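Visitor: Hi! Could you walk me through this one?
Guide: Happy to; here it is.

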Amino acid sequence: MCASMKSRAQVRVPEFFTLLLVIMTSLGSFSVAYAVDEEDVRTELRVSFEAVAEAERSGGDISELVGELNMIAVELESASEEEYSELLRRVLEVAGKANAVDSVGEPAEMNQVYVSTAILLSTGLLVLLVWALFPVLYWKLWLRSKGDWIIS
Amino acid sequence: MTIDKQISYVIMLVILSLGVLTAVPPILPERVVEPFTELVVLGPNMKLGDYPEEVEVGEPFTLFLYLGNHESRVMYYRTLVKFGSELSFASETEPMDAPVIASYDHVILNDDSVTRQLSLSADTAGSNRRLVFELYKYDESVDDFVYSGEWVQFWMNVTSPA
């Protein structure tokens, strides 16, 4: 009985350390998996650029975002490993802002179409008014200015 | 046709022309005659010419890179700097097969430009070596930088340190 308990305890100690080792290794690999490297930043930079380009196509104002992306691209050339996370955060921030600009850009583009349509409709209305009212107006003015003339 | 009709037609024509000229251009897509990018390398004094012709191995020399975007859209550029030998071949279709000594990425708005100072150095000696700047543009459809066919080169003599 006593021998059996001892052997169980002997088994549990190595098991405990094995388990500890597995947990530590897992934690280690977890942190490695989430460590940001230069390629991660470059990949996200490309994704952000695509978002910014899409925002531009939608008519949004992207000048500030392009300035920030360009700055990140230049800083990345000489960045250290510790700085990659911060650069990645900034790249993702640009992507988020680009998506917001994109959704604002579409109505802005539509507004331009509405304004142009309104100008064309107003032009048509003005032409109709001139066509319908100008002869009357013209002769009224003519009579007012020359109505008291006497033909001799 | 009476005089009032004649005048009214002229007025209608003027109004119609003004209306169309005001309303139509903003809704038409912007017309670009020929999209292009300026790739210029300036000497140490930010001028064309005055380029270093003879340098020592490892000796840093200064140049300026100028990129101008006239592609009618925002662009993501990569400029590769390569040091080739006398026999290296550079062309508009194929990038030069030589080691890359520097790479510069830039995101530039349409009708905007970037000028930056470069500090370069040669790693091996040789006469009539070609320093080539190649321009790559990011292509969203392939998710990579594609050689644009634009390149600039200088001939340099690289000497061993005394």
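Guide: A word on burial before we start: a residue is buried if 20 or more other C-beta atoms lie within 10 Å of its own, exposed if 12 or fewer, and partly exposed in between, with C-beta atoms placed from the backbone. This is a predicted model, where local features need pLDDT of at least 70 and side-chain atom pairs count only at pLDDT 80 or more, while totals for chains, interfaces and linings use all residues. Residues are numbered from 1 along each chain as its sequence is written, and chains are lettered from A and ligands numbered from 1 in the order in which they are written.

Visitor: OK, what share of chain B is buried?
Guide: Buried residues are 21% of the 162 residues in chain B.

Visitor: And what is its secondary structure?
Guide: Chain B has one helix and eight strands, in the order α-β-β-β-β-β-β-β-β along the sequence. Helices (H or I, at least four residues) and strands (E, at least two) are DSSP runs, numbered from the N terminus.

Visitor: How many helices and strands does chain A have?
Guide: Chain A has four helices and zero strands, and 18% of its 152 residues are buried.

Visitor: Switching topic: how many residues does each chain bring to the contact?
Guide: Chain A brings 26 residues and chain B brings 25 residues; two residues are in contact if their C-beta atoms, placed from the backbone, lie within 7 Å.

Visitor: Which elements of chain A give two or more residues there?
Guide: They are helix 2 (38-57), helix 3 (63-77) and helix 4 (84-146) of chain A. Helix 4 of chain A gives the most, with 14 residues.
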